[in-house]
Every structure is written in structure tokens, then in C-alpha cells.
Amino acid sequence: MAEKRAEDGVAAMAACYQRFDPAAYLQYNYTPPRADFQRQDSIVPWKLARLHRAFTEGDVSGELLIDIGSGPTLYQVLSGCEVFNQVLLTDFLEVNRQELRRWLKDEGGCKLDWTPYLQYVCKLEGRRPSAWTEKAANLRKVVKDILPIDVHCPQPMAPGAIPPAGADCLVSCFCLESVSPDLLSFTRALGHIGKLLRAGGHLLLIGALGESYYLGGPGVKIPVVPLNEAQVCASLKESGYTLIRLEVYTLPQDMRVGVDDVTGVFFVKAKKD
Ligand SMILES: C[S@@+](CC[C@H](N)C(=O)[O-])C[C@H]1O[C@@H](n2cnc3c(N)ncnc32)[C@H](O)[C@@H]1O
């Protein structure tokens, strides 16, 4: 009975995502005030700084980085692309994979200009802002593919999509809580993606705190599991990860722009047991 309810919940989430609009999502979340590079308290600079630190501390390394539930965004791999020779982007929806492909092929027609993001991460790395073109070229070189994924499947990616040893690192931002009908599915999804990671590999997880919905497009209200820090820590433990660090960002009033009811953001650095 409980299993059937869980399956129905997952199917309802998948149905919601059929109306996801990449252009609107980018506009809501990846333009000012949420992406204001003049402000340290803007949410995007906060995320980029957390990822920069995590990828440059020296313990995260290897050959393969997988981004889980990339959506139509690239910000989450702008630091990791300097550390890993191979990066795989993944998403459930073809519209998002298409948007990423457009940028990678440099064909024009992208729904967002990633230049200020590339410049900001160059600045974090102590490079001149004009180095952004080199970073863009490197990202285009190391992203080897953009693949389908379903975090609710015990095997989230197609057989043979990744080497049997698994990835050295996973990054995932605002995916698991936004695609899971409840805390149990969130925890299970954490376990499923862990199968893509080698033992001792790192998980960098960014997600929403206290959020019950977000807009995936005009009038497209997508339910979210409202999480608190204790639940995130318990789910990580239950799914076979050891927490290294958890940091929390509280949304300033003027970042609450009506496209969701998020109150904060967590950043987790963890290791697979
Ligand atoms: C809130 S968006 C996050 C996008 C991006 N990572 C970011 O940081 O903005 C959630 C993403 O999860 C994807 N998604 C939906 N269902 C999924 C599933 N079952 N497995 C993996 N990803 C899924 C959606 O297509 C969407 O791109």
C-alpha cells in the first residue's frame, strides 16, 4: 500500500515536470536580484563561492564528475570543470538537455547569457575576468555528454552510461527535494544517486530549505519537500554518506520574489562511505 502511494507520488511529480519551462525558470532564478554579482548576499554568488571552495580544498579530485539534475543551468560545474577531465551533465527532461546542448555547441539562441557567471568564477579563482573565454572553452571540452537521468530509479542512468567504478564526485543542486513527493523518496533518491559514485567519492549537494513549491514556468506550481537541516543530515546518514560540512544561507527579504516559498539554502559536502 505504502509502496503504491510512493509510486503514485513519483508519477505525479513526473507529470508536473512535463510543463517545466526552461526560459522562465532561468529568468526567475538566474537573473537579479538572485544573481546579482555586485552583492555578496545574493543567492547565486553564495552558491558559486561554496562550490569554488569545495572544489579547490584539495580533497575533491579524480577523473569523472557527474552533475545530477542539471536542468537548463551550468553554474554548478564552473568550478568543477577545472578539476575533472570529464564532466557529465544529466537531466530528466529533453527540453533542459537541449538548452544545455545549445550552449555547448555554441550555436547561439541560449535562454541565458552565462558570461557574468563565468567571469565571477574566474574572479573567485584569482584569474582576470577576461579569462572567462578560456573557462568557457575548457567547459565545452570537458563536458563529454548530456544524458537522461531519473533519480527515482534504483539505477538512475542507462546501463553502461558511466564506467563501472563510478564517478569520483557528484554535484547536485535543487534537484532531489524538487522532484520527490516526500522525505522518504528524497532519502531513497540520495541512495540511488550514491550508486553512481565510487566509495570514498564526494557528494556536493545544494538544496532548498523550508520550501513547499516553486514555479517551473508561468502558473506551473511544482511541489517540493520542505526540508530542515536535521532532515538533510539524517537522510545523508541513512543513504550511506558521511557529512563533512553543512552551510546554510538565509534568504534576505528582497530575494523572496514570489517564484517559490524557499526560506534558505543548504550546501553539503559529504563523502560516500
Ligand atoms: C529545480 S530544477 C534544478 C535545476 C538546476 N540543477 C538548478 O540548480 O537550477 C530540478 C530539475 O530536476 C529535473 N528532474 C525532474 N524529475 C527528475 C527525476 N526524476 N530525476 C532527475 N531529475 C529530475 C528537472 O527536469 C529539473 O531540471
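## Report on a predicted protein model with a ligand

Apart from neighbours within four places in sequence, Gly201 is in contact with Gly166, Ala167, Asp168, Cys169 and Lys272. The model that holds these contacts is predicted. Gly201 belongs to strand S5. With 23 other C-beta atoms within 10 Å, Gly201 is buried, because 20 or more are enough for that class. Gly201 and Cys81 lie 120 residues apart in sequence, and their C-alpha atoms are 16 Å apart.

### Overall form

The protein contains nine helices and nine strands. Its radius of gyration is 17 Å, close to the 19 Å given by the globule rule for 273 residues, so the protein is as compact as a globular protein of that length. Along the principal axes, the C-alpha atoms fill a box of roughly 60 × 40 × 35 Å. Of the 273 residues, 43% are buried. When contacts between residues at least 6 apart in sequence are taken, 72% of them join residues at least 24 apart.

### Strand pairing

The strands described here can be followed from S1 through S4, S5 and S9 to S8. Strand S1 covers residues 64–68 and is joined to S4 by four bridges, in the parallel sense. In this pair, Asp67 has Val171 of S4 as its bridge partner.

Strand S4 covers residues 167–173, and seven of its seven residues are buried. S4 is also joined to S5, residues 197–209, by six bridges, and these two strands run parallel. Here Ser172 is bridged to Leu205 in S5.

S5 in turn runs antiparallel to S9, with eight bridges between them. Leu204 is paired with Lys269 of S9. Strand S9 spans residues 264–272; seven of its nine residues are buried, so S9 is largely enclosed by the rest of the structure. S9 also pairs with S8, residues 241–250, through nine antiparallel bridges. In that pairing, Leu243 stands opposite Ala270 of S9.

| Strands | Sense | Bridges | Bridged residues |
|---|---|---|---|
| S1 and S4 | parallel | four bridges | Asp67 and Val171 |
| S4 and S5 | parallel | six bridges | Ser172 and Leu205 |
| S5 and S9 | antiparallel | eight bridges | Leu204 and Lys269 |

### Ligand surroundings

The ligand is surrounded by 20 residues, and the closest are Gly69, Gly71, Phe92, Cys173 and Val179. By class, this shell consists of ten nonpolar, eight polar and two charged residues. Cys173, one of the closest residues, is in the residue range of strand S4, 167–173.

Helix H1 runs over residues 2–17. From first C-alpha to last, its 16 residues reach 23 Å, close to the 22 Å expected at 1.5 Å a residue. The number of buried residues in H1 is one of 16, so H1 lies largely in the open.

Arg19 is in the loop between H1 and H2. It is partly exposed, with 13 other C-beta atoms within 10 Å. Leaving out residues up to four places away in sequence, Arg19 touches Gly216, Gly217 and Val220. Arg19 and Ile43 are 24 residues apart along the chain, and 25 Å separates their C-alpha atoms.

### Backbone exceptions

Most residues other than glycine have a negative phi, and most peptide bonds are trans.

Pro32 and Pro33 are joined by a cis peptide bond, with omega about 10°. Pro33 is located in the loop between helix H2 (22–29) and helix H3 (43–56).

Asp106 is not a glycine, yet its phi is positive, at about 55°. The loop that holds Asp106 lies between helix H4 (94–104) and helix H5 (115–124). Asp106 is exposed: 10 other C-beta atoms lie within 10 Å.

Phe174 likewise has a positive phi, near 55°, and is a residue other than glycine. Its place is the loop between S4 and helix H7 (176–179). Phe174 is buried, with 23 other C-beta atoms within 10 Å.

Terms used. Residues numbered from 1 in each chain as written. Predicted model: local features only at pLDDT ≥ 70, side-chain atom pairs only at ≥ 80, totals over all residues. Expected span 1.5 Å × (residues − 1). Buried ≥ 20, exposed ≤ 12 C-beta atoms within 10 Å, placed from the backbone. Near = placed C-beta within 6 Å. Nonpolar A, V, L, I, M, F, W, Y, C, P; charged D, E, K, R; others polar. Rg over C-alpha atoms; globule rule 2.2 N^0.38 Å. Contact = placed C-beta atoms within 7 Å. Pairing = 2+ DSSP bridges.
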